[in-house]
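Open the model in your viewer and keep the selection panel handy. We will go from stop to stop together.

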Amino acid sequence: MNSDAEKIYQLLDDSLQDGSFRKAILSRPVQKSAESPTRIDARPVMIKDQLKFQLTYRTGTQETHRNFDAAETAEELQKSAGTVFRDVLLQTATEEWMARYNRKGTCSLKKTPRASDDAGVPPDHNRSRQYLIPDGTACPFLIATGIMSKNGHVVAKHSRKFRQINRYVEFIRDVVDQLPAEGPIRVIDFGCGNSYLTFAAHYFLTQILQREVAITGLDRRPDVVATCNRIVADLNLAGISFEVGDIAGYQSDQQVHLAISLHACDTATDDALASAVAWQANVIFAVPCCQHELAAILEKDQQPLFSKHGILHEKFASLATDAIRANLLSSVGYDTQVVEFIDMEHTAKNLLIRAIRRRKPITPQDLQDNLTQRLGFSKQLGVPSLRLQQKLDEFGLLPTKPTQFANDAPTM
Ligand SMILES: C[S@@+](CC[C@H](N)C(=O)[O-])C[C@H]1O[C@@H](n2cnc3c(N)ncnc32)[C@H](O)[C@@H]1O
């Protein structure tokens, strides 16, 4: 090994260890065949608050991603430099180095100065937002859906959608430790529609986290299901498929780990939630939409301040429905939060019910408190049990009601 080859090895090692590494590109392959890789891109990424390095391997039109720690990244890049690829570009916080290997394997190294970006600040904590699915790296489903151009850059008019997709993926990242650590992660996306987000979940879990998945997208519209399955075939994706069906009647004898229902209309959300609870899904994400059930039965004189104004009546009924849903999920074993979700183009609804299955059963006291609050609220509204409760009761999933509430209960 000549001294320039030793130096680029050293520079890779040092920059990966001291936090100044920004990116590396290995290109100009030694072998040119359809099966051999054409390029490797390396960049720092934060995964679960840990610094990792993501290597993107390109072979023809296929891309695979693998995440490594600093030492493994150095080893992975060094073993290909000069043997698999003739060019190695290394960018650090302050410098750019280009190593070129000739046919005999002799390396010549040149340095190009570059303006310091954020020296001293850990990589990927710099001023620009670092996305889990980055701009600048070709992502097949984003290219297929027109959000990215073929060279991996986000098309300007879709930058909002790109940010939304990344935000959504962050929601999934935040619950990954609630999903099985080994084996396939089973996901059902109820009312998947055009499935940008379903494909994003697949990409994140399989390409970034390197997990095996079995994702089913369900929608009652045959046209959207056909389009989604065509994308699966075109991109040769494994572990994802789409089915035509109604959420209410959907059956699965497989354990589902992550159940998603985003903007499914009215009580379809309740059907999705009830199925997810019946499967004991580890995590449930639901963004309710068009909650008409309660608005239709809530007597106008029950909440006159709201009911005087149609829009307030609707909003009050929606919020009340979601509060009851959150209470019910808590009662059947889920830590439940209602948080702000991403803004979608097709709806202003952006409240996410995020429910994570508790490792321990609910305490009798908490169960009783939940029941007191729910029954008190229903009584105040003068309404009977809503769809989710009916389904949970039907499936025998709701813990028995303490008898002392029987007299207070509205029609249940
Ligand atoms: C507004 S789109 C949302 C699509 C996607 N989940 C998203 O948030 O981008 C709602 C989708 O849910 C589907 N849907 C609504 N009710 C359904 C039901 N009961 N069974 C199956 N699909 C349903 C609709 O066909 C539609 O494609």
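Predicted model: local features only at pLDDT ≥ 70, side-chain atom pairs only at ≥ 80, totals over all residues.

Start where the two domains meet: select the 9 residues of domain 1 that are in contact with 9 residues of domain 2, contact meaning heavy atoms within 4.5 Å. Residues are numbered from 1 along each chain as its sequence is written, and side-chain values use heavy atoms, with hydrogens and water left out.

Next, show the surface between the domains. About 780 Å² is buried there, 40% of it from carbon and sulfur atoms; buried area is the accessible area (1.4 Å probe) that two parts lose on being put together, summed over both. Now select strand β4, residues 62-68: with 5 residues, this strand gives the largest share of the side of domain 1 that touches domain 2. Strands are DSSP runs (E, at least two residues), numbered from the N terminus.

Finally, colour by pLDDT, the predictor's confidence in each residue, from 0 to 100. The chain's mean is 88, and 92% of its residues reach 70 or more. Select residues 118-128, where pLDDT is below 50.

Definitions and conventions. Helix = DSSP H or I, 4+ residues; strand = E, 2+ residues; numbered from the N terminus.
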